[in-house]
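Here is a short briefing to read alongside the sequence and the structure. Take a look at the model first, then work through the topics below.

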Amino acid sequence: MNLPNKLTILRILLVPFMMIFYMNGAPIIATIIFLVSSFTDMLDGYYARKYGLITNFGKIMDPLADKILVITAFVLLVEQGIVAGWILTVILAREFIVSGLRMVAAAEGIVIAAGISGKIKTVTQMIAIPLLMLNNWPGYLFNVRLDMIFLWICLVMTVISGVEYVYKNRKVFLRDGC
């Protein structure tokens with residue numbers, strides 16, 4: 001098993017630890033675990049592309065590991081009353097729609113690459129979640145909570161990237177006469 005795939009597995013294995021620490025009143029440790037996990041996402045993609053280590057395992061498990069990490073963090077934040085449940089619903093709906101679209105495309109031999117709006121969505125999630133987990137540390141921007149700014153940017157990018165994926169790949173759905 002190559003390094004990028006090991007990093008993907010590490011990301012999945014770290015999620016329960018993040019959850020345990022957060023649920024037991026140690027948000028700083030949970031946030032550190034989240035940040036380390038997020039860093040493994042960047043690192044595994046970098047090594048896979050740089051050294052030609054892209055595998056079918058990585059193509060499937062890397063995005064799945066990302067979803068497990070992010071959705072678990074958002075579920076924890078909803079459970080604590082920090083994030084509204086409807087926001088998580090929007091995020092989940094986008095993830096299910098994009099994943100379904102990718103599965104349909106893959107069945108037809110089409111690979112759907114991540115677009116720039118999807119990458120921006122991911123970056124804003126990776127910034128919003130630690131801020132939310134740490135109760136808005138380090139603070140405010142123009143008297144507005146920094147965590148809420150990034151949460152709203154994340155939400156907007158979630159919708160934009162979902163619409164973009166569907167629009168750019170509508171031909172995948174239209175092949176069956178939908």
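This is a predicted model: local features need pLDDT of at least 70, side-chain atom pairs count only at pLDDT 80 or more; totals for chains, interfaces and linings use all residues.

Residues are numbered from 1 along each chain as its sequence is written, and side-chain values use heavy atoms, with hydrogens and water left out.

**Aromatic contacts**

- Searching the whole structure gives three aromatic pairs; rings of Phe, Tyr and Trp (its six-membered ring) pair if their centres lie within 6.5 Å, and planes under 30 degrees apart count as stacked, over 60 as edge-to-face and the rest as tilted.
- Y47 and Y51 are stacked because their ring planes meet at 15°, with the centres 5.7 Å apart.
- Y47 is partly exposed at 26% relative accessible area, and Y51 is partly exposed at 47%; buried means under 20%, exposed over 50% and partly exposed in between, using a 1.4 Å probe and protein chains only.
- W86 and W152 make a tilted pair, 5.9 Å centre to centre with 50° between the planes.
- That pair links distant parts of the chain, since W86 is in helix α4 (residues 85-107) and W152 is in helix α6 (residues 146-168), 66 residues apart; helices (H or I, at least four residues) and strands (E, at least two) are DSSP runs, numbered from the N terminus.
- Both tryptophans are partly exposed, W86 at 47% and W152 at 43%.
- Y46, Y47 and Y51 form one aromatic cluster.
- The charged end of R170 sits over the ring of Y167, 4.0 Å from the ring centre; this calls for NZ of Lys or CZ of Arg within 6 Å of the ring centre and within 35 degrees of the ring normal.

**The largest pocket**

- The largest pocket holds about 1800 Å³ of space; on a 1 Å grid over the protein atoms alone, a pocket is an open set of points where a 1.4 Å probe fits, with protein on both sides within 12 Å along at least five of seven lines.
- Its volume is the space filled by probe spheres set on the points, which are joined across faces, edges and corners.
- The lining has 45 residues, with D62, P63, D66, R102 and A114 nearest the pocket centre; lining residues have an atom within 4 Å of a point.
- Helices α1 (3-23), α2 (27-50), α3 (56-79), α4 and α5 (116-133) each give at least two residues to this lining.
- By class, the lining has 22 nonpolar, eleven polar and twelve charged residues; Ala, Val, Leu, Ile, Met, Phe, Trp, Tyr, Cys and Pro count as nonpolar, Asp, Glu, Lys and Arg as charged, and the others, Gly among them, as polar.

**The nonpolar core**

- The largest nonpolar core has 25 residues, of which M18, F34, F74, L77, I129 and M133 touch the most other members; such a core is a set of buried Ala, Val, Leu, Ile, Met, Phe, Trp, Tyr and Cys residues joined through side-chain atoms within 4.5 Å.
- Each of α1, α2, α3, α4, α5 and α6 supplies at least two residues of this core, and α3 gives the most, with six.

**Single residues**

- N135 has a positive phi of about 55° although it is not a glycine.
- N135 lies in the loop between α5 and β1 (140-141) and is exposed at 60% relative accessible area.
- G45, in helix α2, is buried at 13%.
- L146, in helix α6, is buried at 17%.
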